[in-house]
Amino acid sequence: MAGPIAGLGYYERNPRTSFGVFSTVLKARLRIVSRYKGALLMELFMPIVFAALPILLGVSIASGGIDVGQNWKDTTGTADFKAYMLIGASTFMVVMLMTWLVGFWLRREMVSGTLESIWVTPAKKYLVIGGVTGYALIRAFVAFILSFVLGSFVFGINLFQGNMLMAAMFILVGLLPLWGISFMFGALILRIKEADSIINLLQWVLSFFMGVFFPVTVLPGFLRLIAQSFPPTWMTNGVRAALLDVSFFFETWYMDLAVILVFAAVFPLMGYGIFVATERRMKKTQGLGMY
Amino acid sequence: MAQAIIKVENLSKTFISKERRKFLRPKKRTIEALKDVDLTIYDGEIFGLLGPNGAGKTTLIKCLTTLLIPTGGAAWVNGFDLLKEENMVRASLGCMLMGERGLYWKLTGRENLDYFGALYHVPKEKRIERITYLKDLLNMGEFIDRTVETYSSGQKMIMAFAKSLINNAPILFLDEPTVTMDVHAARDLRRIVKQLNKEGHTIIYTTHQMHEAEELCERVAIIDKGEIIALGTPTELKRSLNVKDTIEVQGAIPKGVIQTIKEMPGVIEAAIKEEKRGTTTLGIMCENSRVILPRLMEVLLENEVQIEYIKPMEATLEDVFIVKTGRALSVDTAELAKEKGRDAGGRD
Amino acid sequence: MSAGGTIHRGFGLSDLGLRQTFYTFLSMSKKTVVEFSRYPVSFVATFAQTLMILAMFMLAAIVFMGSEAGLSELAGIMVYGFILNMFLIFVLWEIGFSIREEQYRGTLESLYLSPANKFSNLISRVFAIGSWTVVMVVVSLVIVNYYVGGLPANDVMLALFVLFFSITGILGIGFVVSALVLRLKESAELLVSVLQFFFMIFCAMFFPFYALPDEILNYVSRWIPLSYGVDSFRSILVGQTPELIANVGIEIVIVVLFGILSPLIGYFLYKYNERKARLEGSLAEY
């Protein structure tokens with residue numbers, strides 16, 4: 001259709017078109033990922049494989065005549081170390097997805113040059129990134145549920161124990177600060193060439209400090225402090241406390257949740273701020289096309 | 001009479017592609033990319049290979065450079081059997097086939113050249129000497145010591161060209177070497193190609209730019225649908241057309257009119273040379289432009305064509321291409337860009 | 001008159017003699033090392049990551065055991081399995097998957113245009129991988145040794161003998177993978193990731209074999225030759241009877257056979273797939 005060229009052409013800025021940016025990006029990502037069935041399947045099995053390693057370690061130690069359950073209970077509060085590991089591995093998968101998906105998306109778009117074509121549109125960046133992270137949130141949540149259910153079958157874990165609603169709440173609220181962390185990853189990727197390795201490393205650092213395979217309470221004082229300043233640590237522990245006999249860091253669930261809520265308020269703002277600042281600096285120095 | 005350095009006999013290549021279908025067995029489709037090609041390239045010539053996209057040009061080059069194994073036929077390169085003495089053939093060639101691709105990003109230009117020199121079994125001392133020589137020849141500045149990831153597109157092209165020269169091979173395959181270069185760099189490259197040819201290198205050159213082919217090539221082959229449909233010096237090819245004149249018309253020309261023009265008596269062929277923002281450039285090959293011009297004007301005016309200009313011209317290689325293939329190469333190039341998106345196959 | 005009536009104009013600067021063939025191989029090896037060194041962050045990252053994973057398992061093990069009694073033996077089993085795992089991961093990615101990267105960048109086609117031996121391109125990576133892993137292995141051994149107060153180390157020479165053939169066997173796996181990657185393209189990354197975890201669990205690289213359910217042990221683990229490499233290597237060092245076959249001699253024979261046959265199988269499969277790729281014209285597709 002040929003129309004008269006006047007004003008801003010077809011550009012129309014209102015809440016509806018703004019939401020359109022967000023939802024279109026979100027849908028596009030979901031559509032794209034649905035074409036990578038192998039990767040999705042992998043995501044489902046990763047946490048199970050990941051949990052299997054320490055569980056098998058526990059089983060092998062147990063066959064040496066050691067009461068592994070009791071030992072585990074003495075330190076963590078629950079003898080069900082299988083469930084403990086599976087929850088740890090599943091939340092770790094969520095963290096991996098949140099950080100990796102956003103980071104990897106940026107990287108891909110940078111390499112293929114499509115990032116520049118997105119940036120030259122008048123769409124607000126937070127809407128585009130919001131769409132991408134929104135997609136990451138959905139994918140991470142679904143991955144958690146599926147891998148937890150499937151893992152429970154594989155390891156013979158009682159799925160219906162503890163307060164499942166509260167566990168779900170800890171995950172959902174815990175995802176919000178992760179959102180902010182993913183922005184920070186994005187900023188890092190914009191700045192650094194070998195971003196893939198950094199992300200890889202940071203993921204392992206995160207997994208170490210969020211206590212995927214062991215209670216962070218066994219860490220010495222200062223390491224423990226670092227661990228507890230990571231929002232995912234609180235999310236993992238919250239889910240474990242809700243489902244198993246693990247205690248909350250602050251004894252009561254609402255105190256722990258409150259801490260996560262504070263993280264949820266601070267991290268996204270901080271992350272977005274860092275991202276925008278990095279991007280502005282990039283524009284001044286070298287431009288987005290360089291990588 | 002010059003001696004042959006490349007000889008191709010009945011060379012054919014058939015691809016079988018499987019079309020995936022839901023619930024059904026994949027449907028097999030055979031594509032004959034090369035049909036019994038015969039070709040001789042003489043020692044010391046610059047040989048141009050022209051053809052529309054998907055015509056088999058790249059397949060032929062890939063076969064001759066051992067990247068593809070042909071389905072049938074035989075070929076000899078530099079005294080070696082293409083099928084039986086692959087490594088000898090490879091050692092005889094210098095190739096620039098994939099544009100700026102094919103370099104290691106994390107190595108510097110110099111390290112890349114050294115590495116590929118080693119792959120061609122060039123001894124270390126000679127490599128060092130050769131790289132210094134190439135640096136001067138190709139006017140490579142300080143960038144030779146930077147990692148390739150920092151290069152501009154043009155610098156990568158120069159590096160890829162240098163790579164093809166590293167072993168100082170008797171035969172050079174240059175597949176569209178100037179495609180992403182700016183005008184100056186392209187002119188320099190053509191100058192060097194001529195110089196290399198004078199030094200005794202045989203050069204097989206493909207391009208989408210007819211003026212390049214006319215300027216450089218002693219002989220030219222046009223490939224279409226897997227067959228060589230024309231072969232000779234540019235002058236011979238132009239003469240063979242029986243075309244005394246060509247007329248170029250530019251303006252807003254509806255598609256239907258072109259068919260009418262083609263059917264006019266005295267017109268041999270008509271094809272679009274270029275299309276831009278509603279303006280079409282049409283090439284018309286005819287026996288005698290003076291005879292045809294009045295009638296042509298009538299047809300154009302009857303069909304309400306908005307004419308920007310009409311001019312009689314001398315026949316060019318482009319016209320040969322149009323008559324032989326029914327398309328213009330420049331239009332083909334534009335199509336190529338569109339196709340790139342979905343086509344996973346080779347570059348033509 | 002030369003073949004086909006074409007004349008021969010020499011090879012330019014190329015020297016196809018044996019001596020230069022050897023130097024070409026050296027240049028290839030050097031180039032991989034240089035390339036590796038251009039990724040310093042990745043070097044540090046892999047290293048830190050390795051220690052991080054090890055630390056996680058150790059901490060979990062300590063909590064499981066309740067006390068530190070018998071920790072050194074368990075640490076031995078974990079760390080020694082880990083060494084093989086590290087070689088495996090490097091080989092899978094840097095030999096197996098690297099083909100994909102070269103295909104993508106177009107350098108694979110450049111390689112195939114040259115008269116250099118294509119297979120030595122794969123072998124030339126061994127030096128870079130080898131030196132990298134050895135550094136990592138040594139440092140992690142020192143750290144863990146310090147932490148648990150001495151790792152068991154019986155018959156080191158025999159263990160090194162087993163390690164050597166396990167590594168050549170692992171290289172063979174890498175060749176097989178690169179042969180598959182040559183044709184698989186897009187799904188290559190998935191294949192390599194799956195294999196990585198497959199071997200990690202079914203070859204019991206981080207825990208003793210008896211942790212695996214009997215069905216898995218009998219129907220999967222025992223059928224993977226690499227399992228015997230893992231088992232004999234750590235049993236020899238820890239000074240235990242192997243778990244899979246009580247006679248360590250038989251296990252060593254299996255490992256040696258694996259170490260010899262696997263690279264050969266890998267070589268022929270690579271050659272076969274390479275020919276296929278050149279017939280289909282898929283060498284450079286990406």
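# Questions on a predicted three-chain model

Student: In what order do the six strands of the open sheet in chain B stand?
Tutor: This is a predicted model. Six strands of chain B form an open sheet, and their pairing is mixed. The order is S6-S7-S8-S3-S9-S10.

Student: Which strands are the edge strands of that sheet?
Tutor: An edge strand pairs on one side only. From one strand to the next, the twist averages 15°. The edge strands are strand S6 (93-96) and strand S10 (227-232) of chain B.

Student: Do strand S9 and S10 of chain B run parallel or antiparallel, and how many bridges join them?
Tutor: Strands of a sheet pair through backbone hydrogen bonds, either parallel or antiparallel. In this pair, B:Ile222 stands opposite B:Ala230 in S10(B). Strand S9 (residues 219-224) and S10(B) run antiparallel, and the number of bridges joining them is five.

Student: Helix H11 of chain B lies across S9; at about what angle does the helix run to S9(B)?
Tutor: Helix H11 covers residues 317-325 of chain B. It lies across strand S3 (46-50), S9 and S10 of that chain. Its angle to S9(B) is about 30°.

Student: Is B:Asn168 buried or exposed?
Tutor: B:Asn168 is found in the loop between helix H5 (153-165) and strand S7 (171-175) of chain B. Its phi is positive, near 50°, in a residue other than glycine. A residue counts as buried if 20 or more other C-beta atoms lie within 10 Å of its own. B:Asn168 has 22 such atoms within 10 Å, so it is buried.

Student: Why is B:Val267 classed as it is?
Tutor: The place of B:Val267 is in strand S12 (residues 267-276) of chain B. Leaving out residues up to four places away in sequence, B:Val267 touches B:Ile261, B:Lys262, B:Ile284, B:Cys286 and B:Ile292. Because 18 other C-beta atoms lie within 10 Å, B:Val267 is partly exposed.

Student: How many Å separate the C-alpha atoms of B:Val267 and B:Asn288?
Tutor: Along the chain, B:Val267 and B:Asn288 are 21 residues apart. Their C-alpha atoms are separated by 8.7 Å.

Student: What separates the centres of domain 1 and domain 2 of chain B?
Tutor: Chain B is divided into domain 1 (4-238) and domain 2 (242-314). The centres are taken over C-alpha atoms. The separation is 37 Å.

Student: Which chains have the most contacts between them?
Tutor: There are two pairs of chains that touch. No contact joins chain A and chain B, whose closest C-alpha atoms lie 8 Å apart. In the pair with the most contacts, 49 residues of one chain are in contact with 41 residues of the other. That pair is chains B and C.

Student: How many nonpolar residues are on the side of chain B that touches chain C?
Tutor: Elements that give two or more residues to this side include strand S1 (4-19), helix H3 (109-119) and helix H4 (124-137) of chain B. The side has 12 polar and 11 charged residues. Its nonpolar residues number 26.

Student: Which helix gives the most to the side of chain C that touches chain A?
Tutor: This contact takes 29 residues from chain C and 32 residues from chain A. Helix H2 (40-65) and helix H8 (188-202) of chain C each supply at least two residues of the chain C side. By class, that side has 24 nonpolar, five polar and no charged residues. With 16 residues, the helix that gives the most is H2(C).

Student: How many helices does the secondary structure of chain A come to?
Tutor: Read along the sequence, chain A follows the pattern α-α-α-α-α-α-α-α-α-α-α. Buried residues make up 42% of its 291 residues. The secondary structure has zero strands, and the number of helices is 11.

Definitions and conventions. Residues are numbered from 1 along each chain as its sequence is written. Chains are lettered from A and ligands numbered from 1 in the order in which they are written. This is a predicted model: local features need pLDDT of at least 70, side-chain atom pairs count only at pLDDT 80 or more; totals for chains, interfaces and linings use all residues. Two residues are in contact if their C-beta atoms, placed from the backbone, lie within 7 Å. Helices (H or I, at least four residues) and strands (E, at least two) are DSSP runs, numbered from the N terminus. Ala, Val, Leu, Ile, Met, Phe, Trp, Tyr, Cys and Pro count as nonpolar, Asp, Glu, Lys and Arg as charged, and the others, Gly among them, as polar. A residue is buried if 20 or more other C-beta atoms lie within 10 Å of its own, exposed if 12 or fewer, and partly exposed in between; C-beta atoms are placed from the backbone. Domain bounds come from an automatic or database domain assignment. Two strands pair if DSSP finds at least two bridges between them. Axes are lines fitted to C-alpha atoms, for helices over the stretch in contact, and angles run from 0 to 180 degrees between N-to-C directions.
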